[in-house]
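Here is a short briefing on selected features of one chain. Keep the structure open while reading.

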Amino acid sequence: MPDAPYFRCRLQNQVSVTELVTIHYFEYGRTYVYPGERHDFWEIMYMDRGSVRVTCGEQAHLLSRGELILLPPNVFHDLHTVADTPSNMFIVSFSEENGALAPLGGRILRLTAAARDLIRDILRLGEATFLLPMTRADRRRLQRLPDAPFGGEQLLRLRLEELLILLLLRQDASHRSSAAKARYDDDIAGRVMALLKENVYRRLTLSDVTAAMGYGKTYLSNVFQRVYGRSIMDCYTQLKLNEAKFLLRQGSMTVSQISDCLGFSSPQYFSKRFSQVMHMSPRQYASSVREDWTTTVE
């Protein structure tokens, strides 16, 4: 009996990243201004802290924490900080050969928890694989580390392609879903987020939030989780810890003062929660924040 025939299926790549140009994590000063440039590759700007004003072609955008903009090739762009506060930004630039990213060009996108995890992986793999940060004139080109992990570059490319596919899928899903329902959920979740940010120096409970919004706990929690990918109180704690990092960077307050002004029950509890997230104590963070591989731009 002859063997049954087999047929090979060549896998398709809808998104294909072929080259990595730069990878940065900048800590911008209060009044940083970048005069602008244009180049023949794609660039992702992800706002990890603060806000910046980004010009993409003829359109100006406010890019806030948790948001990303994908800058198309050959489009002029510049940026400057706003509100006279420091800002942290992740930037990665690359070439993509299939032309799949056009629908995302110049758009502001709010990231899900899964997308933020991919950015963290890209940063981690970038640090392990290449000589970072790219700050000096002789580091305009990415330099491979001699002890880079096996497959590091390929994993970095795969994480970047996965991030781009997630963004495209979310964009496509948003077109197919009810626009009115999405806007309604986004509006409610956005109002909750604004409330949390406005009260980062107070001590809100979930009951306080639901009372202020006029919705039930279960409904409001589900809407917020769907939009932001985390619970209301988890997000509130993270906002407080992000603010604590900012205050520690300023260096004008003690750990006890920061704990008190941010509404933690005690300095010990503040230090415990900070250490759980940062894997170091507040004092260790204050002394080591400028010793890691992030780039400070004044």
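This is a predicted model: local features need pLDDT of at least 70, side-chain atom pairs count only at pLDDT 80 or more; totals for chains, interfaces and linings use all residues.

**Surface patch**
- Leu166 sits in helix α2 (residues 152-176).
- Together with Ile165 and Leu169, Leu166 forms a nonpolar surface patch. The accessible area of the three is about 240 Å².

**Salt bridges**
- The whole structure holds 10 salt bridges.
- Glu243 and Arg49 form one of them, at 3.5 Å from N to O. This pair links distant parts of the chain: Glu243 is in helix α6 (residues 232-250), Arg49 in strand β3 (residues 42-49), 194 residues apart. Both residues are buried.
- Asp121 pairs with Arg124, with the closest N and O atoms 3.5 Å apart. Both lie in helix α1 (residues 113-129), three residues apart, about one turn of the helix.
- Asp121 also forms a salt bridge with Arg159, at 3.3 Å between the closest N and O atoms. Here the link runs from helix α1 to helix α2, across 38 residues.
- Shared partners join Asp121, Arg124 and Arg159 into one network.
- Asp121 is partly exposed at 23% relative accessibility, Arg124 at 46% and Arg159 at 22%.

**Helix α5**
- Helix α5 (residues 217-228) has 12 residues. Its end-to-end C-alpha reach is 16 Å, close to the 16 Å expected.
- Leu220, Val223, Phe224, Val227 and Tyr228 are buried in α5. They lie on the same side of α5, because they cover an arc of only 105 degrees around the axis.
- The face turned away from the buried side carries the exposed residues Thr218 and Arg226.
- Gly229 follows α5 and has a positive phi, near 75 degrees.

Definitions and conventions:
Residues are numbered from 1 along each chain as its sequence is written. Side-chain values use heavy atoms; hydrogens and water are left out. Helices (H or I, at least four residues) and strands (E, at least two) are DSSP runs, numbered from the N terminus. The expected span of a helix is 1.5 Å times one less than its number of residues. Buried means under 20% relative accessible area, exposed over 50%, partly exposed in between (1.4 Å probe, protein chains only). The arc is that of the directions from the helix axis to the C-beta atoms. Patches are made of residues with over 30% relative accessible area and no salt bridge: like charges are joined within 9 Å, nonpolar side chains (Val, Leu, Ile, Met, Phe, Trp, Tyr) within 5 Å. Accessible areas come from the Shrake-Rupley method with a 1.4 Å probe; for residues, only the protein chains shown count as cover. A salt bridge is a side-chain nitrogen of Lys or Arg within 4 Å of a carboxyl oxygen of Asp or Glu.
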